[in-house]
Amino acid sequence: MFDPKNWKEDTDRLAALAADYARSYLRRAGDLPAFPDREALAALDVFKEPLPEKGTDPEAVLSLLTEKGEKGVCPTAGGRYYGFVLGGMLPIATAASFVTDAWNQNAALYSMSPTAATLEEVAEDWVADLFGFPKGTAMGLVTGSANALLTSFIAARNTLLARQGWDLHRQGMTKSPGIRVVLSAEAHSAVLGALYYLGIGTEELEFVPVDEHGRMIPEAVPPLDERTLFILQAGHICGGSYDPSDELGDIGNEAGAWVHVDGAFGLWARVTPGWEHVLKGLEKADSCNMDIHKTLNGGYDSSILLYKDREALLAALAVGGSYLATGAGRDGSGYATEMSRRARGIVLWAILKQLGREGVSALMKHLTDMTCYFAEGMEKAGYELIQPPCFNQFACRAGTEEETMRALAYVQNSGITWSGSSDWKGETVMRFSVCSCATTEEDIDAALAVYRAALEER
Ligand SMILES: *Cc1c(COP(=O)(O)O)cnc(C)c1O
């Protein structure tokens with residue numbers, strides 16, 4: 001039963017139990033089944049009941065949650081999960097996230113949380129510095145790259161319309177002169193989603209053909225102009241490839257187009273020893289996005305958008321006309337499409353404070369080293385690499401499409417490791433993403449043993 005008199009005591013007891021459980025789970029995460037088997041999935045049925053009329057003791061709720069809920073958890077915090085592009089969790093991120101939960105701060109306004117506002121502001125400077133954006137670049141912290149893309153495109157669209165003498169907030173969309181959107185034929189579905197939400201349909205989009213690695217071909221870019229939103233990709237969702245940002249950045253800048261780089265997981269290559277070249281010229285972009293929850297291993301749900309023109313971003317996202325809000329300090333909601341917000345800057349600040357520039361590079365280098373080690377092992381095991389390792393991704397096949405699917409099913413049922421499939425030029429292939437800071441060579445050796453066995457099964 002709810003009783004305010006018990007608040008202190010209940011919080012104390014439950015927080016300790018939850019912390020104990022979290023420690024136990026994270027100790028075991030590397031050895032848990034990489035995907036729940038049929039029996040484990042059936043255990044989730046225990047949750048499917050009508051809304052209870054009477055309450056339950058909170059300890060019982062917590063133990064039901066942890067015992068039964070854990071059965072259906074995919075252990076992305078461990079080292080043997082390579083599916084989709086899902087990050088692991090740095091220990092400092094887990095810890096700072098606990099603190100964020102306990103503080104329960106609303107990062108909408110400075111006056112709601114000076115600490116959240118201050119850390120977000122400090123992190124803004126650090127991230128701009130890390131990625132080579134000019135001092136004064138604005139940062140928004142949002143739920144994920146899907147939202148970062150939407151937010152960035154809202155501001156870009158308004159700016160492109162303003163250049164044509166159109167004030168979107170006053171005059172609206174219906175009769176506006178519109179904008180052009182030029183993007184890769186292989187842009188991520190989240191990019192398309194953001195454009196659809198903005199009322200821009202597929203038939204209006206100008207897709208640029210790609211080369212054999214899925215990179216936009218600069219010679220195939222149509223003439224751009226000052227009405228154009230030009231969207232580049234840094235990290236193809238299958239093989240990890242990069243649109244050539246240096247050359248494309250010049251093309252965009254010379255035409256006066258708005259250049260955006262979608263680097264949800266791949267933007268971190270900019271600070272990765274040996275990979276900086278794939279993002280040469282990134283500073284030519286007007287805006288970009290990258291996740292905290294993917295390659296930075298900062299936990300959900302957290303993403304960064306960087307925006308050179310602070311005023312344009314604030315003006316586009318302003319509600320009620322006044323964005324020079326309350327004055328005392330940073331109002332984080334001005335940099336997002338949200339009002340009440342989780343204080344995502346706390347975890348971001350903690351990670352950057354612990355790792356520093358060198359540590360971030362070392363983390364990314366680790367992911368890329370593990371990716372190369374994995375890909376080499378797959379080739380030795382008899383798989384064909386169709387996309388060689390690029391940053392933290394690679395893709396391969398086991399023979400025919402059917403043989404690939406059979407090998408993948410074997411691996412996915414093994415419980416030892418998990419990776420998924422991706423569409424590559426109309427063919428279903430195996431896609432690997434090494435995204436967890438916990439992954440070691442031993443983890444990959446264990447995974448490789450399963451992939452070898454999958455081929456022997458044929
Ligand atoms: C993952 C991803 C997205 C979507 O990001 P979320 O954080 O899942 O919202 C967008 N673009 C690319 C290239 C991605 O890899």
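A: What follows starts with the ligand, moves to the loop and ends with a strand and its partners.

This is a predicted model, in which local features need pLDDT of at least 70 and side-chain atom pairs count only at pLDDT 80 or more, while totals for chains, interfaces and linings use all residues. Residues are numbered from 1 along each chain as its sequence is written, and side-chain values use heavy atoms, with hydrogens and water left out.

The ligand is surrounded by 13 residues, and the closest of them are Ala146, Asp262, Asp291, His293 and Lys294; a residue is near a molecule or strand if one of its heavy atoms lies within 4 Å of it. Sorted by class, this shell holds 5 nonpolar, 5 polar and 3 charged residues, where Ala, Val, Leu, Ile, Met, Phe, Trp, Tyr, Cys and Pro count as nonpolar, Asp, Glu, Lys and Arg as charged, and the others, Gly among them, as polar. Polar contacts are pairs of N or O atoms within 3.5 Å; within protein, one atom must be able to donate a hydrogen and the other to accept it, and residues adjacent in sequence count only if both atoms are side-chain atoms. A polar atom in the side chain of Asp291 is 2.8 Å from an oxygen atom of the ligand, an N or O atom in the side chain of His293 is also found 2.8 Å from a ligand oxygen, and for the side chain of Lys294 the distance from such an atom to an oxygen of the ligand is 3.0 Å. Taken alone, the ligand exposes 380 Å², of which the protein buries 84%; accessible areas come from the Shrake-Rupley method with a 1.4 Å probe, and for residues only the protein chains shown count as cover.

Now to the loop. Thr295 sits in the loop between strand S6 (287-291) and strand S7 (303-307); helices (H or I, at least four residues) and strands (E, at least two) are DSSP runs, numbered from the N terminus. Thr295 has a relative accessible area of 0%, so this residue is buried, a word that means under 20% relative accessible area, with exposed meaning over 50% and partly exposed in between (1.4 Å probe, protein chains only). A polar atom of the Thr295 side chain lies 2.8 Å from the backbone oxygen of Phe265.

Asn297 is found in the loop between S6 and S7, and Asn297 counts as buried because its relative accessibility is 0%. Phi of Asn297 is near 60°, a positive value in a residue other than glycine. Asp301 also lies in the loop between S6 and S7, and the peptide bond that leads from Tyr300 to Asp301 is cis, with omega near -15°. Most residues other than glycine have a negative phi, and most peptide bonds are trans.

Finally, the strand. In strand S2 (residues 180-184), 5 of the 5 residues are buried, so S2 is largely enclosed by the rest of the structure. S2 pairs with strand S4 (residues 228-233) in the parallel sense over 4 bridges, two strands being paired if DSSP finds at least two bridges between them. In S4, Thr228 is the bridge partner of Arg180. S2 also runs parallel to strand S3 (residues 205-208), joined by 4 bridges, and Leu205 in S3 stands opposite Val181.
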